[in-house]
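Q: I have a structure open and would like to learn how to read its features. Where do we start?

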Amino acid sequence: MVQLSERDRSLLGGEMGDAQRIAMELLIAVGETDGAQTLIDIEMAHIDGCSYHGQAGVDFAQMLVDGDGRVQVPTTLNVASLDLLHPDLYKGDSAVAESAKRLMEQYVALGCRPTWTCAPYQLQDRPSFGQQIAWGESNAIVFANSVLGARTNRYGDFMDICCALTGRVPYAGLHTDEGRLGTLQFNVVVPSSILDDDLTYPLLGHVLGQLAGSRVPVITGLDERATEDRLKALGAAAASSGAVAMFHAVGVTPEAPSLNEALGNVAPQHVTDLSVDRLRDARRELTTAIGTLGAVSVGTPHMSFDEFVSLAALVEGQRTTVPFYVNTSRDVLDKAESAGVMAPIVAFGVTVVTDTCTYITPIMGDIEGDVMTNSGKWAYYAPANLGVSVVIGSLADCVASAVTGSAVSTGEWS
Amino acid sequence: MRVDQVLVDGVAAGEVLALDTPLSFWGGVSIESGRIVDPSHPQSGVSLAGKVLALPHGRGSSSSSSVLAEMIRIGTGPAGIVLDEPDSILVIGALVADRLYGTRCPIVVASTTPEGGSVWRINGAELESVS
C-alpha cells in the first residue's frame with residue numbers, strides 16, 4: 001500500500017477539485033503497480049499526452065479541464081501533432097487537425113507551457129543533477145536520467161499530467177538510488193576513429209535497446225567525443241528499439257565516474273563486447289532500402305542549436321535536390337535565427353518543421369523514393385508510421401546525399 | 001491458476017494471443033484495425049482485438065497509454081492482458097478507458113502465461129482455461 005501524506009489525502013478527498021482528485025487516484029494505482037511505498041514531490045514535469053492519438057486523449061484532457069485542473073509545478077509540453085507556426089505544412093485530415101489543435105489548447109489551459117518539443121533538455125530551464133521530475137517522451141526520459149542526472153521514471157500519457165497536477169510521483173525505480181545502478185555492461189570495442197563519426201551513436205543506441213530491454217546498461221569505451229547531441233541520438237535509439245530509460249557511459253555521464261560506481265560495486269548480469277560488425281548489423285537493420293532518394297528528414301529528437309551550426313557549415317553554398325526537412329523547437333529556431341545561423345540553411349532549401357515531427361504527422365506527403373535520416377528513432381518508427389523505406393546516415397551523409405540526389409556514405413562508415 | 005498480481009481488476013475471456021517478443025502499442029499497432037503493424041515484430045499482421053493478450057514486458061514509447069485507451073474506446077483493443085512483469089504505462093491506459101467509457105480491460109501479472117490459441121478467462125485474481 002502507498003502511504004499518503006496529509007496533502008495527498010486532501011487531494012484524494014477532492015478538496016482541490018475533481019481534476020486533482022482523479023489525478024491522485026490514478027497516481028496511487030500506478031504507485032501500487034510499481035511497488036511504491038510512498039509518494040514524493042517533484043520540481044518539474046514534461047507532458048507527452050499532448051500529441052493526438054485519438055478521441056480518448058481529448059476526452060481525458062477535457063475531464064481534467066472541466067475539473068478545474070491546474071499544474072502544480074513548471075510543466076513543459078512535448079511535440080504535438082501540428083506545426084502551429086507553419087500550419088500549411090499539414091497534409092492530413094482536417095477533422096483530425098481540429099481535434100489535435102483542441103488537445104493542444106486543453107493542455108495549455110491546464111497551465112502547461114506551450115514549448116512543443118521532444119527535447120525539453122534543450123530549453124533554458126532544464127532540470128539539474130539530482131532533481132526529482134516527472135517526464136514523458138521516451139527520448140527525454142533517457143536524456144534526463146543519463147545525461148543530466150535528474151530522476152524520472154518512464155511516465156506515459158495520462159500519468160504525466162497526473163504527476164503535474166499533484167506535484168507528486170510514486171517513489172520507485174529511477175527515483176531511488178538503487179534503481180539507477182547499472183546491471184548490464186557493454187564494452188564498445190571499436191577503432192578510436194569510429195567514435196568521431198556521428199552515425200556511430202544512433203547505431204550503438206539501437207543495439208543497446210535490443211539487448212538491454214528496460215534494464216540500465218553501463219557503456220565503457222566512450223570518451224569526451226560523446227557530446228550531448230550524440231548522447232541524445234544514442235538514448236533516443238535505445239528508447240525506441242528497447243525501453244531503456246537510463247544508461248551510464250563510464251567517464252562521460254554524471255553518475256558513472258567509474259565502472260564500479262555505475263554498477264554499485266555489484267557484478268553485472270552480463271558483459272557484452274560491441275564490435276564494429278555488430279554496429280554494422282544495426283546499420284543494416286535501420287536501412288530498409290537503398291533505391292532512389294526521395295527526401296531527407298533530420299532533427300529527431302529536435303535539432304539543437306549546435307546541430308544547426310553544424311548543418312549551416314555542411315550546406316554552405318549548396319542546394320538540395322530533394323525535399324529536406326529539419327524538425328526543431330520554436331525556441332531553438334528562434335535562437336538560430338537570432339544568431340544568424342539560418343541563412344545558409346534556408347538558401348540550401350530546407351523546410352523547417354516546428355512543434356511536431358515528420359514521423360508522427362502527415363507533413364511529407366507522397367514521397368517518391370526512400371527517405372534518408374540521421375536518427376535511429378526516425379528510422380525505427382517511420383517505416384510503420386509513414387509506409388516509407390529509410391536509409392540511415394550521419395548528418396554529413398544526409399547533406400551529401402541531398403545534393404547528389406542519391407544515398408551516399410561519407411566518413412568512417414563509408 | 002492464481003495470478004501473481006492484479007493490476008486492473010475485472011473479468012475478460014478470449015482466445016489467447018501469446019506474443020513472442022515485446023510490443024510497443026504506439027507505432028507498433030494500428031488503432032483502427034487492432035493489428036500489429038511493426039514490420040520487425042514476428043507476429044506483424046496479427047490482430048489484438050478481443051484477445052487475451054499474453055505480453056512479455058512493454059517496450060518503447062510512452063504514448064502507448066493513449067493508444068491502448070483509444071483502442072479500448074473504439075473496440076479494437078484486447079479483452080484483457082496477462083503480463084510477465086508490471087507495466088504502469090498499460091495500466092493507466094486501461095484505467096483511463098474504464099473511467100471515461102466504462103469498458104474494463106483487466107490486466108494481471110502471471111509467472112506462467114497461457115498458451116496461444118486456447119481460450120482463457122481473467123477473473124479477478126484467477127486465470128482460468130475455458131476451452
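The dialogue below takes some features of this predicted model in turn.

Q: What scores does the model have?
A: The model is predicted, with an ipTM of 0.94 and a pTM of 0.93. For chain B the average pLDDT is 92, and 97% of the residues score at least 70.

Q: How do I read a strand, and which residues of strand 11 of chain A lie on each side?
A: In a regular strand the side chains alternate between the two faces of the sheet. In strand 11 of chain A, Phe324(A), Val326(A) and Thr328(A) are on one side, while Tyr325(A) and Asn327(A) are on the other. Residues on both sides are buried. Five of the five residues are buried, so strand 11 of chain A is largely enclosed by the rest of the structure.

Q: Do strand 10 and strand 11 of chain A run parallel or antiparallel, and how many bridges join them?
A: They run parallel, joined by three bridges. One bridge pairs Val296(A) with Phe324(A) of strand 11 of chain A.

Q: How are two packed helices described, and at what angle do helix 11 and helix 15 of chain A cross?
A: Two packed helices are described by the angle between their axes and the distance between the axes. Here helix 11 (residues 305-315) and helix 15 (residues 395-404) of chain A cross at roughly 35°, and their axes come within 10 Å. The crossing of helix 11 of chain A and helix 15 of chain A is right-handed. Helix 11 of chain A contributes Ser310(A), Leu311(A), Leu314(A) and Val315(A) to the contact, and helix 15 of chain A contributes Leu395(A), Ala396(A) and Val399(A). By class, this contact of helix 11 with helix 15 of chain A has six nonpolar residues, one polar and no charged.

Q: Why is helix 15 of chain A described as largely enclosed?
A: The general idea concerns which way residues point. An α-helix has 3.6 residues a turn, so residues three or four places apart point the same way. In helix 15 of chain A, eight of the ten residues are buried, so the helix is largely enclosed by the rest of the structure. Among the buried residues are Asp397(A), Cys398(A) and Ser401(A). The cover over the buried residues includes strand 10 (293-298), helix 11, strand 11 (324-328) and strand 13 (370-373) of chain A. Just after helix 15 of chain A, Gly405(A) has a positive phi of about 90°.

Q: How many residues does each chain bring to the contact between chains A and B?
A: Chain A brings 35 residues and chain B brings 30. On the side of chain A that touches chain B, helix 3 of chain A supplies the largest share, six residues. That side divides into 14 nonpolar, 15 polar and six charged residues.

Key. Residues numbered from 1 in each chain as written. Chains lettered and ligands numbered in written order. Predicted model: local features only at pLDDT ≥ 70, side-chain atom pairs only at ≥ 80, totals over all residues. Contact = placed C-beta atoms within 7 Å. Helix = DSSP H or I, 4+ residues; strand = E, 2+ residues; numbered from the N terminus. Nonpolar A, V, L, I, M, F, W, Y, C, P; charged D, E, K, R; others polar. Axes fitted to C-alpha atoms, helices over the stretch in contact; angles between N-to-C directions. Left-handed = near helix turned anticlockwise from the far one by under 90°. pLDDT = per-residue confidence, 0-100. Buried ≥ 20, exposed ≤ 12 C-beta atoms within 10 Å, placed from the backbone. Pairing = 2+ DSSP bridges.
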